[in-house]
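Take a walk through this fold. We start with rings and charges, then turn to strands.

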Amino acid sequence: MKYRQLPSNIVAKEFGEVNVSNNGQELEVLFTILMEPQGEEAEGWQTGVALDASASMKDLYGRKLEGKIPPDVAADYESKGWIESKVEEGRKVRIFQKQAYEDAIQKGYFKTTPNIVQPLAQQFTSYLAENLDADGGTTVIYWAAGSGSDIEVLGDFTASECANIDVSGPKTINFGSSTILAPAVKYFVERFVDAKRGMFIFITDGRIYDLDRVKKYTIQLAQEIASGQRHPVKCVLIGVGNAIDQKQLEELDDLETGTDVDIWDYKIAQEMASLVQIFAEVVDENQIVAPTGTIYDSSGNIIKKYTDGVPAKVSISLPLNSEWFELDVYGQKIRQPVIFNK
């Protein structure tokens, strides 16, 4: 049965993830109650944040200049030798020297694009270091640099150090010519092989070149976890920018591994109401979040009644015409719209 994950921005803040499927007779809904790991599930985590450093991400690091130089200023730059004219492939092109760029920026003709990656990196790193990591420090790396497979390690950062992390792109290697994800996944998995649990965040525009290779590695990893050969790992893709390839993110999130182990989740950064949403799929289905609770459909009918405890992971069936469901727990009514397009 094919489920569709509802966008984070329409999911009630109390819920982690809501998935809906239409089987032609009713709506099948799977949802989780949002919470940070509790008890034993909160112990032994090692964490990491990986930042896509492929060329398609440069603008998002604030590395692109936008604007236009007036013709008279351009003529002045040419007279100073700050602009060089060349003929390339039959076309006349102008190449700006460093002095021209610096002067144009200073005078306001050019401005850099905003760096939207840095605040996200700081927030995720700080959150993981303070709330989850067993050592109180989160590892940050650039991936997809150089040839597309290269990695540059920024270091391990505590929550108090995160505000001062400079995240403007790799320092020792160039932005990558392609976006190769597998080496970054392997870096974290192999570095923290002895960790009881691993949580790794990958910030990207979602254009992944080695998707099949990542799928193959994920299936192998899931099988090893299911058989007890290695400890659990959770990887979360965070899509950024205005040109996210969401289809690829969904393919990894929905990947069938032949096991009950679910390694990948994805979120769109601008849709996230809170950072705790990275734990949307990190729930223990045996965890009880409330002693009693009742779920209603949009017509007011009781769909499910819990008298022995509300689990963190819930499965329900709704009538096809139901526009929402409502969870009544602790006297609070949490309403969740159900949007599904065939």
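**Rings, charges and a sheet**

Arg335 lies over the face of Trp324, at 3.6 Å from the ring centre. A charge counts as over a ring if NZ of Lys or CZ of Arg is within 6 Å of the ring centre and within 35 degrees of the ring normal. Lys80 also meets this rule: Lys80 sits over the face of Trp82, 4.8 Å from the ring centre.

This is a predicted model, where local features need pLDDT of at least 70, side-chain atom pairs count only at pLDDT 80 or more, and totals for chains, interfaces and linings use all residues. Residues are numbered from 1 along each chain as its sequence is written, and side-chain values use heavy atoms, with hydrogens and water left out.

Now look at rings beside rings. Rings of Phe, Tyr and Trp (its six-membered ring) pair if their centres lie within 6.5 Å; planes under 30 degrees apart are stacked, over 60 edge-to-face, the rest tilted. The count is 13 aromatic pairs. One of them is Tyr61 with Phe175, edge-to-face, at 5.6 Å centre to centre and 65° between the planes. These two residues are 114 residues apart in the chain. Tyr61 is buried (under 20% relative accessible area, with exposed over 50% and partly exposed in between; 1.4 Å probe, protein chains only), at 2%. Phe175 is buried too, at 13%. Elsewhere, ring pairs link Trp143, Tyr187, Phe188, Phe192, Phe200, Phe202 and Trp264 into a cluster.

Last, the strands (DSSP runs of E, at least two residues, numbered from the N terminus). Four of them form an open sheet in the order E1-E2-E3-E18, with antiparallel pairing. Strands E1 (4-5) and E18 (313-319) stand at the edges with a single partner strand each, so one side of each has no neighbour in the sheet. Two strands pair if DSSP finds at least two bridges between them; E3 (residues 26-33) and E18 have seven. Thr32 stands opposite Lys313 in E18.

Definitions and conventions: Helices (H or I, at least four residues) and strands (E, at least two) are DSSP runs, numbered from the N terminus.
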